[in-house]
Amino acid sequence: MRENVRDGGKAALRLAAGTPPKDALDAADPYAWTALDLGVRVWLDGGTEREISARVLGRATGLLRRRPAPPDAPVLALALCHRDGRVREAALHRLLPDHPELLPLAVIRAADWADPVRDRARDLLRGALDAATAVALAPLILLVGRRARGGTAVELLTEALRRSPRDGLVPLLRHESPTVRRFAYRLAVGEGILSPAELARTAARDTDVVVQDLCAEAALAGVREGRAAYDDVLPPMLGARHPRARSAGVTALRAAGRAEAAEAFLADRSALVRACARYAVRQGDSPRDPREFYLALCARSDDPALPSGAVIGLAECGRRADAALLEPLLAHPSAAVRARAVAGLRLLDAVDAARMRDLLDDPAPGVAREAVAALLPSAAALPEEWLVRRLAAGRPRPVRAAAFRLLVARGGVVRLRAAVALLDDPDDRLRHWARQTVQRWHAVERGNAEVGELLERVRDRGLLSDHVFKRRMWAAGLRA
């Protein structure tokens, strides 16, 4: 939960001291308002500032009098969050027109559990939401909309934005919050506000995968409905940095009658795009086997420009016999090609453990990671001393991490021994990993005196309580 009740309570205290709402909390942050709502009831009323809370909330309760004095903004804000529903409802009647800056609290009250409070807040929003206020309140309305009774406020927001000019939706389409952008683009697509070309450009540039999928699908639907041509939507999607949009564009090449253009994406860096390209190539007017494309590229093992996507692509659709083409690529000058060659051999179940051992010392971290993944099934067969030497502080960090991962995979006393050796390591991440390992370690054999010595070292560093130490020793068949 993003709401920080303590921060909300501090904001409530600032309001209690007479601070205007715009200075008491970050009015642009929807979570600041929900935190204030919680803080007034949970933290302020039950916190250490009882005298202040009693005095100020007492003034808020004064709104129930027959002729209450006009409340100032701080008191009204506290009243809108009061635990007494009658006070919250009375505060809503005093909200407009004097204090429109407190409309965010009316949004929260629109999902209130008390029917009179909720109904009054919804009536307020229905009359107050216009193009400007709808844009300003949208993040909070969508946040409160997740609650059980929050759907009505979202419906009111939708109606207000539908009535507003097209330009009124633009700030929400560019909003930093993915949730807000998703809502805005769903509305824009449903209302037909954006052209297929605009949707395609959004699919290509937006960083949120939901928005990418939504806009790509809508752009292609516009082409199918005759509102645009493929030339309007495919170029930005095929050139997109994000694979979701690229894959949608590649898949659409077949419907556009350009399946042969999908060959350019068979060696794409994204597995999703490669899979879509293989589909398009196989389903085109002149079907081709993508494997032949990959075989031709991977046969050029001395080509420094060999795309790494072609290497893993061969493994994704090839046969075990194709591993012979991948083995020479383990010595390719490109680290990406070497890493994909290791991954491809693993996919084809053609791993040579002896060759993979040599790649643990590869200077490229990605190659070492792939080599570890290939060696994990045979970790028990690797020489422990050889791995332990690679834990030395002078080794590159990727090599040390790879060796430790393989030692941990061996389990038993080997795992404990390796972890204890790194308990005081200067590398923060390795040290944290080692400490987590010893705290989670459990004996798999009994009566090994070395286990007792190692556990004592762990306890001496404060990583095991006396109780847990005794249990670990008992499980190992040793006396504490």
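Author: This is a predicted model.

Reader: Which residue forms a salt bridge with Arg397?

Author: In general, side chains of opposite charge can pair when their charged atoms come close. Here the partner is Asp427, with the closest N and O atoms 3.1 Å apart. Asp427 counts as buried, at 18% relative accessibility. The pair links distant parts of the chain, 30 residues apart: Arg397 lies in helix α25, Asp427 in the loop between α26 and α27.

Reader: How many salt bridges does the structure hold?

Author: The total is 32. One of them joins Asp37 and Arg109, at 2.9 Å between the closest N and O atoms. Asp37 belongs to helix α3 and Arg109 to helix α7, 72 residues apart. Asp37 is buried at 3% relative accessible area, and Arg109 is buried at 4%. Another salt bridge, between Asp84 and Arg86, spans 2.8 Å from N to O; Arg86 is exposed at 56%.

Reader: Is helix α26 largely enclosed or exposed?

Author: Count its buried residues. Seven of the 10 residues in α26 (412–421) are buried, so the helix is largely enclosed by the rest of the structure. Among the buried ones are Val413, Leu416 and Val420. Their cover includes α24, α25, α27 and α28.

Reader: What does Leu125 contact, leaving aside its neighbours within four places in sequence?

Author: Leu125 is in contact with Leu103, Ala106, Val107, Ala110, Ala153 and Leu156.

Technical notes
Residues are numbered from 1 along each chain as its sequence is written. This is a predicted model: local features need pLDDT of at least 70, side-chain atom pairs count only at pLDDT 80 or more; totals for chains, interfaces and linings use all residues. Side-chain values use heavy atoms; hydrogens and water are left out. Buried means under 20% relative accessible area, exposed over 50%, partly exposed in between (1.4 Å probe, protein chains only). Helices (H or I, at least four residues) and strands (E, at least two) are DSSP runs, numbered from the N terminus. Contact means heavy atoms within 4.5 Å. A salt bridge is a side-chain nitrogen of Lys or Arg within 4 Å of a carboxyl oxygen of Asp or Glu.
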